[in-house]
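Here is a short tour of charged pairs and a surface patch. Take a look at the structure, and then let's walk through it together.

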Amino acid sequence: MGKWMKSGWLMSLFALALLIGACSPKETAKPVPEDKMPEETAKDNPSGDLAPLEKRAKVIVAEDGAASGAGFYIAKERGYFEDYNIEVEFAQFANSDDMLPALAAGEVDIAGGVSTASFFNAIAQGIDVKIIADKGHNVPGKSYFTLVIGNHMVDVIKEYKDLKGKKIAVSSLNSIDWYIYKEMLIHAGLTEDDVEFVLMGDFGSMLGAISSGTIDAAINIEPIIAQGVEKEFHVRFGDATDYAPESQIALVLGSPDFMSKEEDVSLRFMAAYLKGVRDYNDAFIKDEGKGEIIDIMTKHTALKDPALWEKVNVTGLDPDGKMFIDDIKKQYDAYKENGAIRGEIDFDKAIDTSITEKAVETIGEYIR
């Protein structure tokens, strides 16, 4: 363990993990029937759909450099925001919880939120933000947030039920990884008393612990998962979608004013964002134009090694912005049952997908 820490490699990996999470410019959308096209759309607009704003607008996006912000980065680099006369400025925040007060106050217009009890508590305690679109989920069979087992366990743990009596590390309580861990135990037919829960505050430290045999398994995240596999410290075990197939990991959030008072801007912003997300899906799901998209991702995130982008399981981003709303509510209930939620959330008010749905009507549904 000491030798591992001296190399400095561990800390670099942890930094990368915090920034990963969870394309070609050609048309990827189904054409919208002419009789359903909004009045202000026209093929000769720079965007090919909505007319640009007459007055230039600035939209401030709170970001932490996570790979789940791909839609923002790609849309900016490919000029999709410019097509609508929108200037996007990225405001750096250490984590999603710090973004919420600024978002509610209108200091930023758009932010990303990660599913945690603290996130839901902020809304329950009166922080007024709108949950508007997907910003991260696991891709079936290629989860970027999933279970790994140590190489010393590959002949011992063959099925999920074999986790009984084993030491499993999770980075935090009442968070998305804790939720995935709980769903895994249910799937395995185990209770919390059947395993030894190990709270380990950073994902990078799990590598050293699993290599030394201090822990047997962990809920870890890319790119640390890919690096650990390459170094033969651990292997991916099954896939998180085996037991949490629709876990909503991260969310696009909008400020109330931006969503309600600046609809012309927010609609165009969302259309541009979804075009960026579609390019991302073209690259990592369809393997089209991947090189250029990887260049954009290495520019905007701390994962600077293009070769590593070819090895990781990337964050899932829905090209139509759709979320697993039932799972969002299920996570909230799990945190509440664990005593971590104070107050109640009216999800009919907190979740507002109207702008996202209108943007999809404008640019057409993505051809999968």
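## Charged pairs and a nonpolar patch

At 25% relative accessibility, Lys182 counts as partly exposed, because that class lies between buried (under 20% relative accessible area) and exposed (over 50%), with a 1.4 Å probe and protein chains only. The model is predicted, so local features need pLDDT of at least 70 and side-chain atom pairs pLDDT 80 or more, while totals for chains, interfaces and linings use all residues. Residues are numbered from 1 along each chain as its sequence is written, and side-chain values use heavy atoms, with hydrogens and water left out.

Lys182 has a charged partner: Glu192 forms a salt bridge with Lys182, a term that asks for a side-chain nitrogen of Lys or Arg within 4 Å of a carboxyl oxygen of Asp or Glu. The pair links distant parts of the chain, 10 residues apart, with Lys182 in helix 7 (176-188) and Glu192 in the loop between helix 7 and strand 7. Helices (H or I, at least four residues) and strands (E, at least two) are DSSP runs, numbered from the N terminus. Glu192 is partly exposed too, at 44% relative accessibility.

How many salt bridges does this rule give? The count comes to 21. Three of them are set out here.

| Pair | Closest N to O distance |
|---|---|
| Glu192 and Lys182 | 2.8 Å |
| Arg56 and Glu82 | 2.7 Å |

Let's turn to the salt bridge between Arg56 and Glu82. Arg56 sits in the loop between helix 2 (9-20) and strand 1 (57-63), and Glu82 in helix 4 (residues 80-83), so the pair links distant parts of the chain, 26 residues apart. Arg56 is partly exposed at 39% relative accessibility, and Glu82 is partly exposed at 45%.

Glu292 lies in helix 12 (residues 290-300) and Arg78 in the loop between helix 3 (70-77) and helix 4, so the pair ties together parts that are 214 residues apart in sequence.

Finally, the nonpolar side: Leu173, Phe197 and Leu199 make a nonpolar surface patch of about 270 Å². Such patches take residues with over 30% relative accessible area and no salt bridge, joining nonpolar side chains (Val, Leu, Ile, Met, Phe, Trp, Tyr) within 5 Å and like charges within 9 Å. Accessible areas come from the Shrake-Rupley method with a 1.4 Å probe, and for residues only the protein chains shown count as cover. Phe197 is found in strand 7 (residues 196-199).
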